[in-house]
Amino acid sequence: MTQKINYIKNSDELAANLKKAREKVGLTQKQASKIVNIERSSLSYYEIGRCLPSIFTLIRLAKIYHVTINSLITKE
């Protein structure tokens, strides 16, 4: 059995920051997910804190949202 490593202390902060950053640049979940090549449902799960994105997805999201990874994973 594989154990997941939780690199985010509070997934609720990440979820809220992802949604806020996406909305700030004016993208829908469908548009953002298409740009980073993930399912829209995956992005939705990230934004409600149901699951965590991989570090590679987090990097791509930060890039299209024009923010740092640190701003996504820490409390503002």
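A: What follows describes the contacts between helices, then a salt bridge and one further residue.

The model is predicted, with local features requiring pLDDT of at least 70, side-chain atom pairs counting only at pLDDT 80 or more, and totals for chains, interfaces and linings using all residues. Residues are numbered from 1 along each chain as its sequence is written, and side-chain values use heavy atoms, leaving out hydrogens and water.

The average pLDDT of the chain (the predictor's confidence in each residue, from 0 to 100) is 89, and 87% of the residues score at least 70. Helices here are DSSP runs of H or I with at least four residues, numbered from the N terminus.

Two packed helices are described by the angle between their axes and the distance between the axes. Axes are lines fitted to C-alpha atoms, for helices over the stretch in contact, with angles from 0 to 180 degrees between N-to-C directions.

Start with H2 and H3. Their axes come within 8 Å and cross at roughly 110°. The two helices are therefore roughly perpendicular, a label for angles of 65 to 115 degrees; under 35 counts as roughly parallel, over 145 as roughly antiparallel and the rest as oblique. In contact (heavy atoms within 4.5 Å) are Gln-29, Lys-30, Ala-32 and Ser-33 of H2 with Arg-40, Leu-43, Ser-44 and Glu-47 of H3. By class, this contact has two nonpolar, three polar and three charged residues. Ala, Val, Leu, Ile, Met, Phe, Trp, Tyr, Cys and Pro count as nonpolar, Asp, Glu, Lys and Arg as charged, and the others, Gly among them, as polar.

H2 also meets helix H4 (residues 55–65), with axes that come within 10 Å and cross at roughly 120°. H2 and H4 are therefore oblique to each other, and their crossing is right-handed. Ala-32, Ile-35 and Val-36 of H2 make this contact with Arg-60, Leu-61, Ile-64 and Tyr-65 of H4. Six of these residues are nonpolar, none polar and one charged.

H4 is in contact with H1 as well. The axes of H1 and H4 come within 9 Å and cross at roughly 35°, in a left-handed crossing. H1 contributes Leu-14, Leu-18, Ala-21 and Arg-22, and H4 contributes Leu-58, Leu-61 and Tyr-65. The classes here are six nonpolar, no polar and one charged.

The whole structure has one salt bridge, defined as a side-chain nitrogen of Lys or Arg within 4 Å of a carboxyl oxygen of Asp or Glu. Glu-47 pairs with Arg-22, their closest N and O atoms being 2.6 Å apart. The two lie 25 residues apart, Glu-47 in helix H3 (residues 40–48) and Arg-22 in helix H1 (residues 11–24).

Glu-13 is also in H1. Leaving aside residues up to four places away in sequence, Glu-13 touches Leu-72, Ile-73, Thr-74 and Lys-75. The C-alpha atom of Glu-13 is separated by 9.9 Å from that of Ile-48, 35 residues apart along the chain.

Note on methods. Left-handed = near helix turned anticlockwise from the far one by under 90°.
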